[in-house]
Amino acid sequence: MRQRKWSNEHLITVFILPKQHELHLRFSKERLQMFPYQLNRIWNKLTYSGLGVAPIMVNTPNELIEAVRNTPGAVGYSEKVTDKKGIHVVNIKD
Amino acid sequence: MPIQINKILLVAIILAFHLIVYNASATESDFQLHGFAAQGLIDVNGSNFVNNDGSLSPKLTEVGINASYQLNNKLRLTGQIVYLNGGNRYAEGVRVDYALLDWSVYEHQNWQANIYLGRFKNNHWLYSSSRDIPFARPSIILPQSVYFDGFRDLSVGSDGVAIKISHNNDNYGDFDFNLSYGSSPISDKQAELLLSEYAQGDIKQDYEAQASFYWQPLFSSWRFGISYLNSKFTYSANNNDNLLYGATFFDEMFCDGEFCDGEFLFQFFTMNALFEGEFWEFSGEIYQEKFTIKGFYQPSFSTSPIGQGAYVQSRYKVSEQLTLLARYERFYADKDDKNGEKIEKVTDGLIPAYFAYHRDTTVGLSYDFSNNLSLRFEYHWFQGTARLTPVVWPNPIANNNEHWQLWAMQLMYWF
């Protein structure tokens with residue numbers, strides 16, 4: 001989770017949904033094994049004490065997909081993706 | 001059709017195809033702007049913690065704005081400016097909170113190393129880097145044993161260099177190692193808080209060196225840390241009206257009408273633990289300081305009291321919006337004079353015994369209206385005045401109560 005660059009040295013830009021969003025909650029708990037408030041603590045520390053760069057928050061899943069599509073080296077998460085143009089989708093199965 | 005949890009497809013990770021043909025030109029994500037604003041009310045009964053008349057005060061203002069610009073995949077420039085008004089707690093005004101060049105020296109899947117050059121924040125204690133960030137700290141007033149507001153400007157950060165090394169081990173968890181070296185400029189107000197309004201000479205911080213180590217076991221809700229600080233200050237008596245004394249630890253030693261040249265050596269050791277569960281959060285820090293004073297009061301004066309403190313804190317998340325807080329803290333300025341008998345005797349009763357200790361019982365709550373708007377309320381019961389300013393030359397006239405209380409509420413917004 002701490003990795004900031006891809007293997008080709010390009011920086012990773014992370015897009016997330018608001019902490020109350022049900023998908024963010026599920027992704028945090030089930031994929032990252034962390035509670036959203038823990039992520040907030042880490043990200044707030046990065047953002048407001050100069051230590052690093054936190055993920056960029058967008059409001060809706062559609063905004064997230066568009067942000068990833070338009071940002072080189074970006075990652076995000078979504079339940080479904082209808083238009084896969086310009087993005088690479090990795091399915092995660094339980 | 002909604003996808004059910006525990007079924008096959010949970011989420012998808014999306015990667016931009018641009019990655020493959022990435023162009024190194026700047027993008028919107030290279031520049032980030034964030035900030036916060038918080039305003040509160042604070043009412044102290046029985047001490048000069050915030051003001052001298054004990055009235056309800058709006059001096060609980062914290063505003064900040066920061067920017068971060070990624071120069072390339074190794075270098076980043078960032079800075080934050082804050083305006084703080086905490087009444088007597090610390091100097092009111094605008095400050096450069098941090099302004100630094102972040103150099104990503106080494107990056108590997110399991111190892112990361114960064115060097116920060118410039119004015120950096122203290123990242124060594126549990127809440128030291130977020131003490132000025134209203135929504136990121138656990139309470140409006142932090143435990144004063146470790147996060148003493150009288151030392152805020154000195155301990156919040158330094159001008160110099162800091163190093164952070166992180167390691168993620170597949171068997172043992174996450175490790176963070178931090179080193180820093182630098183010094184802080186001391187404002188007139190900070191000098192007054194530290195020494196007294198009667199100290200008209202100059203004080204400067206010669207250096208501050210710190211190290212800390214944090215460990216979070218693999219898949220654990222616990223995180224453990226230790227830190228060590230070593231700092232030296234020099235006080236030069238007012239040159240306008242001084243008397244020369246024989247050589248002691250200085251080549252020449254001067255005294256003015258009130259104080260003499262002096263040295264202050266400060267060593268500070270902490271251990272902390274943090275547990276973050278789904279509903280419960282526990283944290284605590286234990287602390288020991290050695291505060292050596294040479295000279296200052298008299299040319300031959302020397303003392304090295306060892307102070308000790310600790311707090312335990314619990315937070316309970318009642319709902320997504322509401323969090324409750326309870327905390328208990330104890331601090332002694334001198335572990336060999338925990339009840340203050342010695343200090344009262346040595347000063348012929350001028351400094352009452354309760355200046356030797358500080359105890360704080362806190363309850364509070366915070367309510368999140370949204371992602372970036374929150375209201376916090378808390379009540380403190382204090383016993384003792386060892387964590388009130390001035391530090392070196394206490395003020396028993398303004399602080400003539402062993403027991404004192406405060407309540408505070410603060411509305412916080414951030415983006």
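**Exercise 1. Gln33 of chain A**

Decide whether Gln33(A) counts as buried or exposed in this predicted model, then describe its backbone.

*Solution.* 
Step 1. Count the neighbours. Gln33(A) has 11 C-beta neighbours inside 10 Å.
Step 2. Gln33(A) sits in the loop between α1 (22-31) and α2 (36-49) of chain A.
Step 3. Check the backbone angle. Phi of Gln33(A) is near 60°, which is positive, and the residue is not glycine. Most residues other than glycine have a negative phi.

**Exercise 2. Phe296 of chain B**

State where Phe296(B) lies, and work out whether Phe296(B) is buried or exposed.

*Solution.* 
Step 1. Find the element. Phe296(B) is in the loop between β14 (280-295) and β15 (302-303) of chain B.
Step 2. Count. There are 25 other C-beta atoms within 10 Å of Phe296(B).
Step 3. Look at phi. The phi of Phe296(B) is near 70°, again a positive value in a residue other than glycine.

**Exercise 3. A cis peptide bond**

Find the form of the peptide bond from Thr389(B) to Pro390(B).

*Solution.* 
Step 1. Read omega. For this bond, omega is near -5°.
Step 2. Name the form. The bond from Thr389(B) to Pro390(B) is cis. Most peptide bonds are trans.
Step 3. Locate the proline. Pro390(B) belongs to the loop between β19 (373-383) and β20 of chain B.

**Exercise 4. Ala162 and its surroundings**

Show why Ala162(B) counts as buried, and list its contacts beyond four places in sequence.

*Solution.* 
Step 1. Ala162(B) is part of strand β7 (residues 157-169) of chain B.
Step 2. Count. Ala162(B) counts as buried because it has 26 C-beta neighbours inside 10 Å.
Step 3. List the contacts. Leaving out residues up to four places away in sequence, Ala162(B) touches Tyr116(B), Phe120(B), Asn178(B), Leu179(B) and Ser180(B).
Step 4. Compare sequence and space. Tyr181(B) is 19 residues from Ala162(B) along the chain, yet their C-alpha atoms are 6.4 Å apart.

**Exercise 5. Where the two chains meet**

How many residues of each chain are in contact with the other?

*Solution.* 
Step 1. Count both sides. On chain A, 51 residues are in contact with 46 residues of chain B.
Step 2. Find the elements of chain A. α1, α2, α3 (61-70), β3 (74-78) and β4 (87-93) each supply at least two residues to this side.
Step 3. Sort by type. The chain A side divides into 20 nonpolar, 17 polar and 14 charged residues.
Step 4. Check the scores. The predictor gives the complex an ipTM of 0.89 and a pTM of 0.87.

Note on methods:
Residues are numbered from 1 along each chain as its sequence is written. Chains are lettered from A and ligands numbered from 1 in the order in which they are written. This is a predicted model: local features need pLDDT of at least 70, side-chain atom pairs count only at pLDDT 80 or more; totals for chains, interfaces and linings use all residues. Helices (H or I, at least four residues) and strands (E, at least two) are DSSP runs, numbered from the N terminus. A residue is buried if 20 or more other C-beta atoms lie within 10 Å of its own, exposed if 12 or fewer, and partly exposed in between; C-beta atoms are placed from the backbone. Two residues are in contact if their C-beta atoms, placed from the backbone, lie within 7 Å. Ala, Val, Leu, Ile, Met, Phe, Trp, Tyr, Cys and Pro count as nonpolar, Asp, Glu, Lys and Arg as charged, and the others, Gly among them, as polar.
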